[in-house]
Amino acid sequence: MSQAWLPLATLATSLLVVPLIFALPERAWRMRTALNLSAALLKVVLVALMVWGLYQGESYRFSFTVVQGVTFLFQVDALGLMFAGLSSLLWLATTVYAIGYLEDSPNRKRFFGFFSLCVASTIGIALAGNLFTFLLFYELLTLSTYPLVVHRGHAKALDAGTTYLRYTLTGGLVVLLGVVALHVMVGDVTFGEREMLADLGPEAHGLLTVLFLILLLGLGVKAALVPLHGWLPRAMVAPAPVSALLHAVAVVKAGAFGIVRLVYDVYGIGLTYQLGLLTLLAVIATITILYGSMRALAQQELKPRLAFSTVSQVSYIVLGISLFGPFGTIAGLVHLMHQGLMKVTLFYCAGNYAEELGIHRIDQLNGAGRRMPLTSIAFTVGALGMIGLPPVAGFISKWYLGMGAVQANMPWVILVLVASSLLNAAYFLPILYRLWFRPGPAHGVGEWPQERRLGRFETSGWLLWPTVSTAVLSILAGLLAGLPFSPLDLATFVTAEEYTP
């Protein structure tokens, strides 16, 4: 039996609080905090109910006709729930973090209003059941994140926001072109009805290939595929919660998730392979992985290094889905979740160092592990996970990528993984060395750029506990990967559906 109310309620938890937040006066921080946390907690509960129901065979669908031939459709499947689960869980953590980070900042009402609209957009993307609905929320995500990127209002932030809009609006227009062209060919494209395109026959393959490339081009902007990645490092002028939002939860993941939908639920893995497009995806992903890692190695500031790391790491998702076979698919999907946990941890840590000690450059981190041990342990967990060392979740992703490469008879991918892991180590291990083994102000060597003493712990509890929590989850996702409802279990569940005729 289909239950329409659950996906609608999940969207409403963030969408309905937007006007309430904007209506509150700036000084009403207690009410605003209560609204934000209540909505985030309720969203986690509702998504968990849908995950449980899906495992029990329940279905969740809501639709209405917009105009003749165009339908707004929420149709919950395992892939969408994976993305919704990641988004809701990390949004709860980021909400807590943002409350502490923006405690003394102006324009908090505006920030949290657009923050809630942004999560509504992301949930809409996750639960969309067809290309029209996906496009609607995909563009809403662009518009709702712009005020967050330019939140600080200075010239550098406004310039970064302009660059962000140029890239993402152009990418959105390209996606619109592809969606309209597919609609002309086959009508309303519903996710999962892969036979719609496969049944067109060989005479349509040329046009289908062109349309795939158009959609990939548009989605690749948000996914930060090289050379469409230029907006992402510039957007690092935004506050740390926004950086975490862009890299781990919303924008970049929306692009990667869109590519996953394109391959598996619009074209189908069989047709994509038949058209020879999986090899192209693998080549693009490889270039992006290696380029992003090399650019990260050259950065001397912490957030830009993490930004180029994201350019590299998100393309593991694309690389995984380009490997024809279940192991590659599992690798790409599980990394969608694992990378989110690890990267949000790293950006929280970067924000903690900046807020507590005024640290922005890597060479300022000497001895920070002694001054902020829990934050630095969390950073160490995230960094080791990105390198791919057990027991952190990143090891699971790379292990399955390696098995997927063997299964797809593409052994050169293993060389890419080895090279990428060595580059990851080259730009993360020196940071860990500075944190733990270089003397700092605690030993009378200089002083921190700007020490603030924000709380009775090493920093404010609002900043510390989300950081520690996501680090712990990154370890648990690796250690308990074989348990039910783990990221790996969810990815395996989705893959079983994708490869079932």
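How much space lies in the second largest cavity? About 60 Å³ of space lies there. The model is predicted, and it holds three cavities of 30 Å³ or more. Its largest pocket contains about 560 Å³ of space, and its largest nonpolar core has 173 residues.

**Largest cavity**

- The largest cavity holds about 100 Å³ of space.
- Its lining consists of S14, V17, N36, A39, A40, K43, W91, T95, F115, S116 and V119.
- Three helices each supply at least two residues of this lining: α3 (29-55), α4 (78-101) and α5 (108-127).
- Helix α3 has the largest share of the lining, with four residues.
- By class, the lining of the largest cavity has six nonpolar residues, four polar residues and one charged residue.

**Second largest cavity**

- The residues that line the second largest cavity are L131, F134, V175, F191, L215, L219, G258, R261, L262 and V266.
- Two or more of these lining residues come from each of α6 (131-149), α9 (205-222) and α12 (251-267).
- The largest share, four residues, belongs to α12.
- Eight residues of the lining of the second largest cavity are nonpolar, one is polar and one is charged.

**Largest pocket**

- The largest pocket, with about 560 Å³ of space, is lined by 23 residues.
- Nearest the centre of the largest pocket lie L89, M337, F485, P487 and L490.
- Helices α3, α4, α16, α21 and α22 each give two or more residues to the lining of the largest pocket.
- Helix α4 gives the most to this lining, with six residues.
- The lining of the largest pocket has 20 nonpolar and three polar residues, and no charged ones.

**Second largest pocket**

- The volume of the second largest pocket is about 450 Å³.
- Of the 20 residues that line the second largest pocket, K156, M236, V237, E301 and P304 lie nearest its centre.
- The elements that supply two or more residues to the lining of the second largest pocket are α7 (155-186), α10 (231-234), α15 and α16.
- This lining divides by class into eleven nonpolar, three polar and six charged residues.

**Nonpolar core**

- Within the largest nonpolar core, of 173 residues, those with the most contacts are L182, Y267, Y353, F379 and F428.
- Helix α16 gives the most to this core, with 16 residues.
- Leaving aside residues up to four places away in sequence, Y353 touches L302, G358, I359, L365, A368, M372, T375, S376, F379 and L435.

**Helix α19**

- Helix α19 (residues 393-407) has 15 residues, which at 1.5 Å a residue should span 21 Å; its end C-alpha atoms are 22 Å apart, so the two values agree.
- The buried residues in α19 are A393, G394, I396, S397, K398, Y400, L401, G402, G404 and A405.
- The cover over the buried residues of α19 includes α15 (302-321), α16 (326-357), α18 (373-387), α20 (412-437), α21 (461-479) and α22 (487-498).
- After α19 comes N409, which has a positive phi, near 60°.

**Helix α5**

- Helix α5 has 20 residues and reaches 29 Å from its first C-alpha to its last, close to the 28 Å expected at 1.5 Å a residue.
- Helix α5 is mostly covered, with 17 of its 20 residues buried.
- Helix α5 is also one of the elements that supply at least two residues of the lining of the largest cavity.

- T209 is found in helix α9, one of the elements that give two or more residues to the lining of the second largest cavity.
- Not counting residues up to four places away in sequence, T209 touches L275 and L277.
- Between T209 and L483 the separation is 274 residues in sequence and 39 Å in space, taken C-alpha to C-alpha.

How values were computed
Residues numbered from 1 in each chain as written. Predicted model: local features only at pLDDT ≥ 70, side-chain atom pairs only at ≥ 80, totals over all residues. Heavy atoms only, no water. 1 Å grid on protein atoms, 1.4 Å probe; cavity = no way out; pocket = protein on both sides within 12 Å on 5 of 7 lines; lining within 4 Å. Points joined across faces, edges and corners; volume = space filled by probe spheres on them. Nonpolar A, V, L, I, M, F, W, Y, C, P; charged D, E, K, R; others polar. Expected span 1.5 Å × (residues − 1). Buried < 20%, exposed > 50% of the residue type's maximum accessible area, 1.4 Å probe, protein only. Contact = heavy atoms within 4.5 Å. Core = buried A, V, L, I, M, F, W, Y, C linked by side-chain atoms within 4.5 Å.
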